[in-house]
Structures are given as structure tokens and as C-alpha cells.
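Please open the structure in the viewer and keep the selection panel at hand.

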Amino acid sequence: MASTEVSWKLADHPKLPKGKTVAVVVLDGWGEANPDKYNCIHTAKTPTMDSLKEAAPEKWRLVRAHGTAVGLPTEDDMGNSEVGHNALGAGRIYAQGAKLVDLALASGKIYDGDGFKYIQDCFEKGTLHLIGLLSDGGVHSRLDQLQLLLQGANEHGARRIRVHVLTDGRDVIDGTSVGFAETLENDLSKLREKGIDALIASGGGRMYVTMDRYENDWEVVKRGWDAQILGEAPNKFRNAVEALKKLREAPKANDQYLPPFVIVDESGKAVGPILDGDAVVTLNFRADRMVMLAKALEYENFDKFDRVRFPKIRYAGMLQYDGELKLPSHYLVSPPEIERTSGEYLVHNGIRTFACSETVKFGHVTFFWNGNRSGFFDPAMEEYVEIPSDVGITFNVQPKMKALEIGEKARDAILSCKFDQVRVNIPNGDMVGHTGDIEATVVACEAADQAVKMILDAIEQVGGIYLVTADHGNAEDMVKRNKSGQPLLDKNGNIQILTSHTLQPVPIAIGGPGLAPGVRFRIDVPNGGLANVAATFINLHGFEAPSDYETTLIEVVDN
Ligand SMILES: O=C(O)[C@@H](CO)OP(=O)(O)O
Ligand SMILES: [Mn+2]
Ligand SMILES: [Mn+2]
């Protein structure tokens, strides 16, 4: 539907009043799982979240947050922030980047598109560079997609290929980088046997090299730039597998934070700097951690760091990462067209919105929430507050992060009575869960619970309504398990720490003095997922949701 034809006016809800302040709280990485010692949410003292579950069973339930419920290819795909917040904000399920890329590769349509044709022009004289996360995590990228693209690019004329790898250890078990690099090396050697000059050119850990987000720390992107574009890094190796093995030997080294390295030839020269006339593809389908590199690769005017050299390349993203900025301008696969999100409806219906998180999750409740669009729908109706995150640390060192500051800002926004919706993301369970540090994750969950309490107390004071939920699991399970749920041990008999998200459902709770009597969760939406939440909070604002939104989770029974 073109936006000119959209009727933005929402019908009044027949039973629910308008004018209540609604707090929408998203706990990042907070799923529901069996209570055992690897469940940090269970171990942590979380009296507020516990009381939501125990006090009002008809106002607490679980919703699906992974797999097809959030538009991912299969039920084995864990949830993640992008798809989770997209579903929460848009109220519908869209086939997401992972799936769209799968389809475009399977049908071969990816090679017929304008994006591929644009880079293909360079194949005769230049090198094709592929930059991206090397794992099968399926959150930002997938190895099998890289493998298909390598094959397809070769069949469509690429003769010289360089891959710049970012190691994972966050969506997959730490240490798996070596195996993924071996698989890639094997594929590249097969291409070399066919006479294609194909090599890994550089690498580094995703959290230390390239994949920063929301402009938290441009140094991260610069480290990648130096290695990938300039061919410069403190660590030089002849081969990537050897590089990973060696760099992992350093004390406390892990895949997420490996330092940058470049691969050099026998004379010590980098094998794959990016030069004038080359083609570049960023492999990740997920937006947030590629936008900064996309800006550095695409913008003529750029002052975030000294690029030293700005090669004249043809650059395409796997997807277009930002629909508002149209960034990058060339891309291989069209992103999901997420339109008419709840935020856009709400500004058209007089709902004033406040959204807040700290930097590392700020875009989750703004950019992802609004369908991967930066900016406001109506600046007069919206205020977005970003609390600067700590920079240059792993979050197990400061597990409380900025939870209480987020709680304070939300509290003040609620008490100001200037907003109808106050929306936050509380990052702790997720960001600390990703470090694999169980003790710190317990502290993180306790801080998140305190922040929720601050918000609920403020809602109590103004007679408002709260809706508390999460975007996917993480902190509720910190160990890799076999099919029957038993923890898996590594070869030394230690448990295998799970740094990633999970497949678990997440809780949703509603309440507060402003919630009309008789409101409760319906029992006829047993498979409800994150996409059902938007209709639910639109109802809490006193409106019917748009008819094509996934159905609401609530009903009003006459007492
Ligand atoms: O940190 C990230 O990029 C992902 C995990 O890869 O986590 P989230 O989806 O919670 O942002
Ligand atoms: Mn998340
Ligand atoms: Mn996460």
C-alpha cells in the first residue's frame, strides 16, 4: 500500500479508554526456561519480574520469539534483536533478511538484480571483496550463504576474490572460528584449483573489529578499515587458520574479541587490500552492525575517522541496511518492506512517544522498532533518548550497565505526563549473557529487575499501564545442551558455555492501576508471538489495531 493511500486513523477500542500512560518495557535477552543453575534469571533475585508472574496469572503468559514466529527460515533459528524488535514494533511477521537471502540465492535471482550487475562490472579488471561475519549463527549472516555466493560470483565472472572474515563466538560457541575458517579455506582452495585467485585477506573478532553498532565506538570500525581496505594490521600471518589458532592462544582471547590481522604473501605484502576498481560486498543481512562500515565505504564526506585512502569501488550490501538513509545505495537483495509500523500509526493518532535505551541497544527501540528506519515519524510527537554506553569494555565488567539510568529516564518521562507511550529496552540480560560469564549475568539480571521496578512504580503513581516483555532468550540458559536438555561437556570435562541467544519463549506481563478491570490475556491465541504485542499495546492506548496486524493478546471480560 503506498503511504498516500493509507488511512492512518485508528478506530476507537469499544471497551478500553484512551489517555493512560503506557510503559512498554523490553528486557533484552530474557527468556523463560527450566530453573537450574545455568538459568541466570532464576538464580538472580528478580522480585519484580517474579511478582508479575506469580501475582496475576491471567496477566502473564509466554510468547514465541524465535523461528517462523519472527520471520526466520526455520524453527531452529534462535531469535535476535532485529527480528524481535521488528515484530514488536510492526505487529506483523515479515520474511526476514536471512530468509530473503536464502530465497534469492536458491532461485539465482540474486545474480539478475541491479546490485549484482553493479558490482559485476568490476570483475574483469578488479577484485571482488566479501566482508562479513563468518559463522552459521544465522543472526547476522550464514556461512552457507557465503559459500553459495562465492560459487555464484565465480560462475558469473569473478576471477579474483578476497574474503575478509569477522569471527563470531557470540551466536555460536567460542572457538568455532577455526572450524569455520577451515571450511572456507577448503572452498577457496577448490576455487583456486579452477584457476580462480581466491584467498582470505584479513580478519578479526566481530566485537573488536568492524561490527560496532549505533556509533558506540568508531575505533572498532577503523580497526577493520585498516585491515580490510588498507591491508594494515599489527598481526600478519600467511594463512587465516594459523592466524586464528595463534591469536586464540593469548590469555583470555576469544573469538568475539580477536585482534585484527592481515594475510600476507611470502614477501610480507598484504594479499588483499581494497583498491580502486574493486567490488565490495558486505555479507551480513542484518543491519545494525553493518551500517557504520557501510557509511565508511559509501560516503564521500566522512569524518568519523581518518580513512587515509578512500578507494573508488563499487559497493553493495547484502541488503539495504537503512530504509530512510537508503544505505547502502546498492544491495544484492531487497530488504523486507516493513511499513505502517505501530509507531507511525501512533503519531497519527495523537500518541506522544518517548523511547530510551543506552547506546548499544538504542536503535533497537527506535530503528528496529520502526522497521529499520532511522529518524522520527513526527519529531513533534516523539522524543528519543540515548544514554551513552560504556566503551571499550566487555559488559561482564560492568554488568549493571546503564539499567538504572534507563529506569530513571523512563520514570521521569512517565511522571512528566508529557508522553502516552514510554518505551525502553533494558539490555543487561542479553549483553552480559553474551559474555558467557554466569556470575556477572546474575548481577545483570538483578539490575534489569530493579530498572523494571522503577518504571512500574512510576506507572503506579500516574495511574498508568505497563506491558513488560522481551525480544528473545539469552540469560535464562548459559549452557549448550544435548537434545534431551543435558549440559554438554567439552573434551576437558568442562561445561560448554552458551554465549548465544536461545530458542526459548519470552514472558509478557500487563498490569498497572490504569488497566481496565476485566482485561486479561485471551486463551485462544496459544501460539502468540512477538508480532501479537503491537496490537496489544495499541489496544491499551484505547484503539483497535489495524486489521492486518497480528491479533491482540488481550480481551476485556465484563465483571
Ligand atoms: O549483539 C548482537 O549483534 C546480537 C547477537 O549477534 O544480539 P542482539 O540480537 O540481542 O542484538
Ligand atoms: Mn536482543
Ligand atoms: Mn543479543
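This is a predicted model. Begin just after helix 7 and select G195, whose phi is positive, at about 90°.

Next, select S177, F180, A181, L184 and L188, which are buried in helix 7. These residues lie on the same side of helix 7, because they cover an arc of only 95° around the axis. The spacing follows a general rule: an α-helix has 3.6 residues a turn, so residues three or four places apart point the same way.

What covers these buried residues? Display strand 3 (128-134), strand 4 (160-167) and strand 5 (197-205), together with helix 6 (143-155) and helix 9 (240-247); the cover of the buried residues includes these elements. Then turn to the face of helix 7 directed away from its buried side, where the exposed residues N186, S189 and E193 are found.

Now move to the open sheet of 7 strands, which are ordered 2-15-14-1-13-11-12 with mixed pairing. Select strand 2 (60-63) and strand 12 (382-387) at the edges: each has a single partner strand, so one side of each is left without a neighbour in the sheet. From one strand to the next, the twist averages 15°.

Finish at strand 12 and its pairing with strand 11 (residues 353-358), which is parallel and runs over 6 bridges. Within this pair, select F354 and find E383 of strand 12 opposite.

Technical notes:
Residues numbered from 1 in each chain as written. Chains lettered and ligands numbered in written order. Predicted model: local features only at pLDDT ≥ 70, side-chain atom pairs only at ≥ 80, totals over all residues. Buried ≥ 20, exposed ≤ 12 C-beta atoms within 10 Å, placed from the backbone. Helix = DSSP H or I, 4+ residues; strand = E, 2+ residues; numbered from the N terminus. Arc of directions from axis to C-beta. Contact = placed C-beta atoms within 7 Å. Pairing = 2+ DSSP bridges. Axes fitted to C-alpha atoms, helices over the stretch in contact; angles between N-to-C directions.
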